[in-house]
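Here are my notes for your read-through. Keep the viewer open and click along as you go.

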Amino acid sequence: MANVSLRMAQLFDATQYLARIGIYDVVPGRELPDLALLQRLLDAHLWSVPFENIDIMRRKPLSLNEDDLYSKIVIHNRGGFCYELNGLFAMLLRALGYKVDTLSGRVRRGDGSYGTPDEHLTTVVHLDQPYLAEVGFAKSFPRVMSLDGTPYVHPKGTYRVRRDGEEYFVEAERKGEWVPEFRFDPTPRQLHEFNEICAYIEGIPSFNSKYFCIVGKPEETIELKEHELIRRSGTEVSRTAVHSMEEFWGYMHELCEPFRRIAESLEAEG
């Protein structure tokens, strides 16, 4: 593992990663790793790096190797899902001087039950207190959030992180009630520990049956799915039918810059 870490330290370029998410005025090693910068990084990442399953749909196995993640997301302008997005984001934060833990989570199902252990990877950053900084959840949380139960109001919704026993619950307010989205264990984990579950997740229908690509601006979330385009802005939701894969890829080129970059990257691969 020491050789891998050394090699990654030589390959990883925080300045190039920052440019990938549209930040050009932050110099690694010179910026104070504070809450304001963390929120700026979260906003930029959510808008620049989509949550998408295109490699899974193309039956290309995912890799959690740091080199492969950096190549896919930073060099080739792709997105990914939780292990890839939060895993690589944690690397960027550490390069900028933050203390970061990657943690295991379980996603709440429609029936109120929770999925298998390790099915989600999330990140907590330690400043004056610990903060959740989540860039790899389809229903994006647009705020860095403390873990003390403080509600955070945003045009997209109201959210909080609440402790219950040894776990934390990330919740959204809906019609006056707090509804959990996922729960996580605060025990620090290493990215390679998720290799087995990552391979398992690739094989379940919610990830490998239909294409999707999701990106979140501060004021809007765009969800392009194989048969539907959904745009969410505050409480307003618009839905447009997608009638073919040709139309899907047309939207990938036309909807927004992050989607277009993915489409062009895939075309360059051939």
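1. Start with F169, which counts as buried because its relative accessible area is 9% (buried means under 20%, exposed over 50%, partly exposed in between, with a 1.4 Å probe and protein chains only). A word on ground rules: this is a predicted model, where local features need pLDDT of at least 70, side-chain atom pairs count only at pLDDT 80 or more, and totals for chains, interfaces and linings use all residues. Residues are numbered from 1 along each chain as its sequence is written, and side-chain values use heavy atoms, with hydrogens and water left out.

2. Now for the rings: searching the whole structure turns up 17 aromatic pairs. To pair, rings of Phe, Tyr and Trp (its six-membered ring) need centres within 6.5 Å; planes under 30 degrees apart are stacked, over 60 edge-to-face, and the rest tilted. One of the pairs is Y114 with F169, edge-to-face, at 6.1 Å centre to centre and 80 degrees between the planes. It links distant parts of the chain, 55 residues apart: Y114 is in the loop between β2 (99-107) and β3 (120-126), and F169 is in strand β8 (residues 167-174). (Strands are DSSP runs of E, at least two residues; helices are runs of H or I, at least four; both are numbered from the N terminus.) Y114 counts as buried too, at 18% relative accessibility.

3. Next, which way do F141 and Y159 pair up? They are edge-to-face, 5.3 Å centre to centre with 85 degrees between the planes. F141 sits in the loop between β4 (130-132) and β5 (145-146), while Y159 is in strand β7 (residues 157-164), 18 residues apart. F141 is buried at a relative accessible area of 1%, and Y159 is buried at 8%.

4. Back at F169, R162 lies over the ring face, 5.1 Å from the ring centre. (The rule: NZ of Lys or CZ of Arg within 6 Å of the ring centre and within 35 degrees of the ring normal.)

5. Last, look at where two helices touch: L38, L41, L42 and H45 in α3 meet L85, F89 and L93 in α6 (contact means heavy atoms within 4.5 Å). How do the contact residues divide into nonpolar, polar and charged? Six are nonpolar, one is polar and none is charged. (Ala, Val, Leu, Ile, Met, Phe, Trp, Tyr, Cys and Pro count as nonpolar, Asp, Glu, Lys and Arg as charged, and the others, Gly among them, as polar.)
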